[in-house]
Amino acid sequence: MTGTETVGGAATAQATSSAGVTPAAWAGLMLDCPDARELATFYGELTGWGVGGADDGGAWAYLTPPGTALTFGFQRVADYRPPRWPDQEVPQQFHLDFRVADLPAAIARAEELGATQASFQPGGERWRVLLDPAGHPFCLCPPVPAADAG
């Protein structure tokens, strides 16, 4: 490490590779969807982060988790095809996991915001797989047990 850099109010460690070049730093994640503002609003409400920015036409939007310089972005894609869970006719390619203090309450809130529970639940009652309004699977997970934290 060679020092720290402040990005968006958050200090980040700045590393240098053996070749003397600063490696790429993770800036965020983008999800394809049919309406960026709509999906950003869903995740902004689900996480409490709110929408950090969006264009008026629904082409792009983003959230920024508090205390970070990371962005969680959304971009409109023409002819968007949602992933298929659990089959892979249209692969999910990735999914998001969120830790929640009260799993039943978080599931109810997600459904209130437009999520649906997936019919296939590989975690049983340990965690729940839901589908966001654009069809992306995501998991709501209980807190890490105290013995595992740390």
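Visitor: What percentage of the 150 residues in the protein do buried residues make up?

Guide: Buried residues make up 31% of the 150 residues. Buried means under 20% relative accessible area, exposed over 50%, and partly exposed in between, with a 1.4 Å probe and protein chains only. This is a predicted model, in which local features need pLDDT of at least 70 and side-chain atom pairs count only at pLDDT 80 or more, while totals for chains, interfaces and linings use all residues. Residues are numbered from 1 along each chain as its sequence is written, and side-chain values use heavy atoms, with hydrogens and water left out.

Visitor: How many helices and strands does the secondary structure come to?

Guide: There are two helices and 10 strands. Helices (H or I, at least four residues) and strands (E, at least two) are DSSP runs, numbered from the N terminus. The elements run β-β-β-α-β-β-β-β-α-β-β-β from that end.

Visitor: What makes D79 exposed?

Guide: D79 has a relative accessible area of 75%, and exposed means over 50%; D79 is therefore called exposed. D79 lies in the loop between β6 and β7. Its phi is positive, about 55 degrees, although D79 is not a glycine. Most residues other than glycine have a negative phi, and most peptide bonds are trans.

Visitor: Which peptide bond is cis?

Guide: The bond from W85 to P86 is cis, with omega near 0 degrees. P86 is also placed in the loop between β6 (71-76) and β7 (96-99).

Visitor: Which residues touch the most other members of the largest nonpolar core?

Guide: They are L39, Y43, F72, F74, F98, F138 and L140, out of 25 residues in that core. A nonpolar core is a set of buried Ala, Val, Leu, Ile, Met, Phe, Trp, Tyr and Cys residues joined through side-chain atoms within 4.5 Å. The largest share, six residues, comes from α1. Elements that each supply at least two residues include β3 (28-33), α1 (36-47) and α2 (103-112).

Visitor: What is F98 in contact with, leaving aside its neighbours within four places in sequence?

Guide: Contact means heavy atoms within 4.5 Å. On that basis F98 is in contact with Y43, L46, T47, F72, F138, C139, L140 and C141.

Visitor: Why are the buried residues of α2 said to line one face of the helix?

Guide: In α2, L103, A106, I107 and A110 are buried. Seen down the axis of α2, the buried residues fall within an arc of 100 degrees, so they line one face. The arc is that of the directions from the helix axis to the C-beta atoms. An α-helix has 3.6 residues a turn, so residues three or four places apart point the same way. On the other side of α2, P104 and E112 are exposed. The cover over the buried residues of α2 includes α1, β8 (116-117), β9 (128-131) and β10.

Visitor: What is the order of the open sheet of four strands, and why do β7 and β8 stand at the edges?

Guide: The order is β7-β10-β9-β8, with mixed pairing. β7 and β8 each have a single partner strand, so one side of each is left without a neighbour in the sheet. Two strands pair if DSSP finds at least two bridges between them.

Visitor: How do you know that β9 and β10 pair?

Guide: β9 and β10 are joined over four bridges in the antiparallel sense, against a requirement of at least two. In β10, C139 is the bridge partner of V129.
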